[in-house]
Amino acid sequence: MPMLYFHNMTGRFAPSPSGYMHIGNASTALLSWLQVKSYGGKILLRIEDIDHERCKKQYVDSVFEDLIKLGLDWDEQPLFQSNRENDYATALEFLIKKNLIFPCSCSRKDIRKSIQGQGESHQSYPGTCLNKKLPFEGPYSLRLKNWDGYPIVKRSNNIWSYHFTVVIDDAYQEISHIVRGQDLKECDPLQNHLRKLLGYGFPKISHAPLWFGPNKKKLTKTDGAVSLRDYYNKGWSPEAILGHIARGIGLNKDLGPVNAEDLIHKYESYNWDKHYVSSREVLHL
């Protein structure tokens with residue numbers, strides 16, 4: 001019985017509240033939910049709100065509302081990254097003591113110039129400040145030493161990087177399975193490297209298909225993708241939206257309305273090789 005093996009399975013849905021949820025967000029949330037619910041595991045909700053300028057309370061509220069309407073409930077209280085500052089600082093101090101972090105005073109303009117100076121074969125930050133020994137308490141970005149391009153861990157404006165916080169939070173929440181978009185697949189090697197440095201385990205990562213609009217570009221909140229609330233306002237029911245998603249990602253053969261619970265038994269045959277959903281599948285108002 002699968003449940004005997006997966007009884008400790010824990011997944012998560014971790015939206016950034018920088019806009020209203022759209023069909024692509026809902027699709028990833030559905031797959032995250034189905035993955036663990038089909039094996040009797042638990043799903044956690046994490047609000048990735050570390051970017052205080054872009055993340056707004058109205059979008060947080062809409063995440064809760066949309067997930068509840070879709071029947072994608074979660075276990076335990078939601079975790080807010082904005083409440084996790086001390087844990088990120090502790091992990092950063094650990095890496096600093098391991099001599100794995102260096103301060104960087106380069107602006108984006110400086111970095112563009114340095115990349116151009118390297119020629120076309122180099123497309124990443126060359127480590128200009130690696131050996132400058134700038135003080136950690138200065139107004140600088142903090143970068144990781146032992147990875148190509150020296151990725152930022154904390155920016156000069158004190159905003160933590162996505163890669164850093166997600167790794168720490170996944171370990172804190174004991175996440176065993178992750179579902180996220182195909183566009184984040186390139187993040188896996190760096191995040192697994194950070195997990196190794198911090199002594200964390202390695203969750204199983206699956207990648208949900210991306211939804212492309214009529215312009216053949218990925219649906220994004222920042223580009224004004226049609227939100228779920230727009231569909232509701234035009235008369236779409238949550239079941240109709242789920243039916244459309246299920247058809248788009250290959251869980252159902254027709255467009256009929258469904259409940260999330262109805263799809264649990266179909267998850268076992270889901271094909272993770274599907275990388276995108278074309279524009280003809282996108283809901284139209």
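Which loop holds Ser 161? Select the stretch between strand S6 (152–154) and helix H6 (162–172): Ser 161 lies in that loop.

Before going on, note that this is a predicted model, where local features need pLDDT of at least 70, side-chain atom pairs count only at pLDDT 80 or more, and totals for chains, interfaces and linings use all residues. Residues are numbered from 1 along each chain as its sequence is written, and side-chain values use heavy atoms, with hydrogens and water left out.

**Stop 1: Ser 161.** Ser 161 counts as buried because its relative accessibility is 5% (buried means under 20% relative accessible area, with a 1.4 Å probe and protein chains only). Now show Ile 50, Ile 152 and Val 153. Ser 161 is in contact with these three, leaving aside its neighbours within four places in sequence (contact means heavy atoms within 4.5 Å).

**Stop 2: strand S4.** Select residues 101–104. Ile 101 and Pro 103 are buried on one side. Phe 102 and Cys 104 are buried on the other. Ile 101 has Leu 144 as its bridge partner in S5.

**Stop 3: helices H2 and H9.** Select 23–37 and 238–249. H2 and H9 pack at about 80 degrees, with axes 10 Å apart. H2 is therefore roughly perpendicular to H9 (65 to 115 degrees counts as such). Show side chains next. From H2 come Ile 23, Ala 26, Ser 27, Leu 30 and Leu 31. They meet Ile 241, Leu 242, Ile 245 and Ile 249 of H9. This contact has 8 nonpolar residues, 1 polar and no charged.

Notes:
Axes fitted to C-alpha atoms, helices over the stretch in contact; angles between N-to-C directions. Helix = DSSP H or I, 4+ residues; strand = E, 2+ residues; numbered from the N terminus. Parallel < 35°, antiparallel > 145°, perpendicular 65-115°, else oblique. Nonpolar A, V, L, I, M, F, W, Y, C, P; charged D, E, K, R; others polar. Buried < 20%, exposed > 50% of the residue type's maximum accessible area, 1.4 Å probe, protein only. Pairing = 2+ DSSP bridges.
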